[in-house]
Amino acid sequence: MTDSPALVRPDRRAELAAGLARVRARIADACAAAGRDRADVTMIAVTKTYPAADVVALAGLGVTDVGENRDQEAAPKAAEVAAAGVAPRWHFVGRLQRNKVKSVLRYADMVQSVDSVRLASTVAAAAGGRDRPLEVLVQVSIDGDPSRGGAVPSCADPDVGLGPVTEAVAAAQSLRLAGLMAVAPLGWEPERAFARLADLAAQVRAAHPGATVLSAGMSGDLEAAIAHGATHVRVGSALLGMRPTLR
């Protein structure tokens with residue numbers, strides 16, 4: 001039997017408060033260094049492997065946006081959090097399997113990882129009964145290697161090319177193309193990765209002016225992402241501590 005999500009140990013609440021203060025200070029410093037308004041950057045608390053109690057505690061500390069990357073963990077967690085009377089904005093940030101789309105759309109306010117025309121079509125069909133369009137980010141592969149997920153710039157494959165994927169999302173009445181998401185490729189300096197991403201984001205905005213969201217940067221590289229225009233940073237370990245090993 002697990003503890004109620006509403007019952008958070010005082011020492012854990014203090015740990016989360018300290019981590020949150022450190023991350024908020026880093027974001028504020030990065031915005032100041034980049035000459036940006038702090039209000040223009042949203043922190044998403046990535047709570048994978050952490051319990052619903054941590055989400056409830058973070059909400060009590062003023063965190064409004066929460067990210068998850070595995071539906072089999074996120075779906076029951078979101079239900080627990082809702083049962084505790086807390087309603088954060090849920091972001092699905094992991095690779096999305098088409099057979100998980102209906103489940104994810106039961107709780108997700110934004111899906112950040114659409115990376116193919118086929119997936120966009122599946123998400124659009126599942127979102128058809130919503131009272132407003134689902135917010136979608138197209139995940140982009142900065143280095144052109146789709147093995148970690150992401151639509152590929154200048155790709156000949158019409159299913160996974162960045163242009164076709166963004167157009168598919170933009171054309172779907174049940175979806176709203178909000179912008180792009182990316183992860184810095186392994187072996188790339190963050191500055192190089194996010195400069196490349198900023199160029200791609202500018203190209204997408206030229207065709208779709210409403211696609212202003214840029215989700216980039218995590219615990220280790222959020223400063224570089226903010227310097228290159230990130231509007232959302234996805235923070236896990238710097239906020240919640242080192243994660244337990246996934247089994």
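Predicted model: local features only at pLDDT ≥ 70, side-chain atom pairs only at ≥ 80, totals over all residues.
Reader: How many bridges join S1 to S2, and which residue in S2 is the bridge partner of valine 46?
Author: Strand S1, residues 42-46, runs parallel to S2. The number of bridges that join S1 to S2 is two. For valine 46, the bridge partner in S2 is glycine 67.

Reader: Through which helix does the chain cross from S1 to S2, and what is the hand of this crossover?
Author: The path from S1 to S2 goes through helix H2, residues 52-60. Together they form a β-α-β crossover, and its hand is right-handed.

Reader: How many bridges join S2 to S3, and which residues in S3 are the bridge partners of aspartate 65 and glycine 67?
Author: S2 and strand S3, residues 89-92, run parallel and are joined by four bridges. Aspartate 65 has arginine 89 as its bridge partner in S3. The bridge partner of glycine 67 in S3 is histidine 91.

Reader: Which helix makes a β-α-β unit with S2 and S3?
Author: This unit consists of S2, a helix and S3, and it is right-handed. The helix spans residues 71-83 and is H3.

Reader: How many residues of strand S4 are buried, and which of its residues is the bridge partner of phenylalanine 92?
Author: Strand S4, residues 110-114, is mostly covered, with five of its five residues buried. S3 and S4 run parallel and are joined by two bridges. In S4, phenylalanine 92 has as its bridge partner valine 111.

Reader: In which sense do S4 and S5 pair, and through which helix does the chain cross between them?
Author: The pairing of S4 and S5 is in the parallel sense, over three bridges. Valine 114 has valine 138 as its bridge partner in S5. The β-α-β crossover from S4 to S5 is right-handed, and the helix, residues 117-126, is H5.

Reader: How many residues line the largest pocket, and how do they divide into nonpolar, polar and charged?
Author: About 670 Å³ of space lies in the largest pocket. Its lining has 31 residues, of which Gln139, Arg148, Val183, Met218 and Arg234 lie nearest its centre. The lining divides into 14 nonpolar, nine polar and eight charged residues.

Reader: Why does aspartate 221 count as buried?
Author: Aspartate 221 is in the loop between strand S7 (213-215) and helix H8 (222-227). Buried means under 20% relative accessible area. Aspartate 221 is therefore buried, because its relative accessible area is 13%.

Reader: What separates the C-alpha atoms of aspartate 221 and valine 169?
Author: Aspartate 221 and valine 169 are 52 residues apart along the chain. The separation of their C-alpha atoms is 28 Å.

Reader: Where is threonine 49, and what is its phi?
Author: Threonine 49 is in the loop between S1 and H2. At 22% relative accessibility, this residue counts as partly exposed. Threonine 49 is not a glycine, yet its phi is positive, at about 75°.

Reader: Is serine 154 buried or exposed, and what is its phi?
Author: The loop between strand S5 (134-139) and helix H6 (162-171) holds serine 154. Because its relative accessible area is 82%, serine 154 is exposed. Serine 154 is not a glycine either, and its positive phi is about 50°.

Key. Residues numbered from 1 in each chain as written. Heavy atoms only, no water. Pairing = 2+ DSSP bridges. Right-handed = clockwise from strand over helix to strand, strands pointing away. 1 Å grid on protein atoms, 1.4 Å probe; cavity = no way out; pocket = protein on both sides within 12 Å on 5 of 7 lines; lining within 4 Å. Points joined across faces, edges and corners; volume = space filled by probe spheres on them. Nonpolar A, V, L, I, M, F, W, Y, C, P; charged D, E, K, R; others polar. Buried < 20%, exposed > 50% of the residue type's maximum accessible area, 1.4 Å probe, protein only.
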